[in-house]
Amino acid sequence: MNLAQAAAALQAARRVAVLTGAGISAQSGIPTFRDAQTGHWARFRPEDLASPDAYRRDPEMVWEWYAGRYRDVLRAQPNRGHELLAELERQKRARFGPDALTLVTQNVDGLHARVGSLEPLELHGTLLRSRCETCGHVQALPDAETFTPPPTCEECGQRMRPHIVWFGEFLPEDVLEEAQFAFERAEVALIIGTSSVVYPAAGLADSTLHRGGLVFEINPQETALTSEASFSLRATASEGLAALMQP
């Protein structure tokens, strides 16, 4: 399949599923999870800060790290890749209805929602919210510049934790099921800016292929998915989406 054929298939598809990874946010200046270990935090492994055990040992230190990441992502701006996906969603919904495109992301930065994507499925949670340790209530974090962690639950008054899936935790079952359903019925799946090695997210493309759908990959480097993809484009997220969405 060549670029023109892939672009035509994407345009015609009545059901599209999208999975995005760190690569789409890299153009907004957001470092990958491991690249965020700079300055004071360079002496820690991510596993030392993003796990239930780390939080039990030192919740104040974990919250300090997450509060810094929260401020960083709010200073970042969505890039052309985020904008193009939001535009593709608007086009598909206008032509084929509200279920025409499902956006699934491994990112926790909230940039898809900020640029207008509707209800993205956040597999790994989000830096913009916290979850009550006691009652499970989820709420938005306060203003980044005045935020002093940890936040307190507005429902029961107890301490809250970052609304993030940590090492050793399972992905939220309802979100994963919705993502799997979207990829199973997709005529075209777009896999953008992810290495396709972290499961279960890496298995979503297989769901589309096994049901006879097409999988298009956009990534500057070859990945574990490249040899299986229906079409693979060596490009950044914004470049690849612009090429696939050409008239």
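Residues are numbered from 1 along each chain as its sequence is written, and, the model being predicted, local features need pLDDT of at least 70 and side-chain atom pairs count only at pLDDT 80 or more, whereas totals for chains, interfaces and linings use all residues. Side-chain values rest on heavy atoms, with hydrogens and water left out.

Strand β7 (residues 188-192) is mostly covered, five of its five residues being buried; here helices (H or I, at least four residues) and strands (E, at least two) are DSSP runs numbered from the N terminus, and buried means under 20% relative accessible area, exposed over 50%, and partly exposed in between, with a 1.4 Å probe and protein chains only. In a regular strand the side chains alternate between the two faces of the sheet. In β7, Val-188, Leu-190 and Ile-192 point one way, while Ala-189 and Ile-191 point the other way, and all are buried. Strand β1 (residues 16-20) pairs with β7 in the parallel sense over five bridges, two strands being taken as paired if DSSP finds at least two bridges between them. Within this pairing, Leu-190 in β7 is the bridge partner of Val-18. Strand β8 (residues 214-218) is likewise joined to β7 by five bridges and runs parallel to it, with Ile-218 in β8 as the bridge partner of Ile-192. From β7 the chain crosses through helix α8 (residues 204-210) to β8, and this β-α-β crossover is right-handed, a term that applies if, with the strands pointing away from the viewer, the path from the first strand over the helix to the second runs clockwise.

A further set of three strands forms an open, antiparallel sheet in the order β5-β4-β6. Its edge strands, β5 (138-140) and β6 (160-164), each pair on one side only, and neighbouring strands of this sheet are turned by 45° against each other on average, direction ignored. Strand β4 (residues 125-132) is joined to β5 by three bridges in the antiparallel sense, and Arg-129 stands opposite Ala-140 in β5. Helix α4 (residues 59-75) lies across β4 and β6 and runs at about 140° to β4; axes are lines fitted to C-alpha atoms, for helices over the stretch in contact, and angles run from 0 to 180 degrees between N-to-C directions.

Two residues were examined for their surroundings. Glu-89, found in helix α5 (residues 80-96), is buried, with a relative accessible area of 2%. Leaving aside neighbours within four places in sequence, Glu-89 is in contact (heavy atoms within 4.5 Å) with Leu-101, Ser-117 and Leu-118. Thr-236, by comparison, is placed in the loop between β9 (231-233) and α9 (237-244) and counts as partly exposed because its relative accessibility is 23%. Not counting residues up to four places away in sequence, Thr-236 touches Gln-27, Ile-218 and Pro-220. The C-alpha atoms of Thr-236 and Gly-81 are separated by 8.4 Å, although the two residues are 155 residues apart along the chain.

Grid points are joined across faces, edges and corners, and a volume is the space filled by probe spheres set on the points. The count comes to one cavity of 30 Å³ or more. The largest cavity has a volume of about 40 Å³, and its lining includes Thr-105, Asp-109, His-112 and Glu-122. The second largest pocket holds about 310 Å³ of space; of the 19 residues that line it, the closest to its centre are Glu-122, Gly-125, His-163, Pro-172 and Val-175. At least two lining residues of this pocket come from each of β3 (121-122), β4, β6 and α7 (173-185), and β4 supplies the largest share, four residues.

The peptide bond from Pro-149 to Pro-150 is cis, with omega near 0°, and Pro-150 lies in the loop between β5 and β6. The peptide bond from Tyr-199 to Pro-200 is also cis, with omega near 10°, and Pro-200 is placed in the loop between β7 and α8. Ser-196 is found in the loop between β7 and α8; its phi is near 60°, a positive value in a residue other than glycine, and Ser-196 is buried at a relative accessible area of 10%. Glu-119, in the loop between α6 (111-114) and β3, has a positive phi of about 50° although it is not a glycine, and it counts as exposed at 72% relative accessibility.

Definitions and conventions: 1 Å grid on protein atoms, 1.4 Å probe; cavity = no way out; pocket = protein on both sides within 12 Å on 5 of 7 lines; lining within 4 Å.
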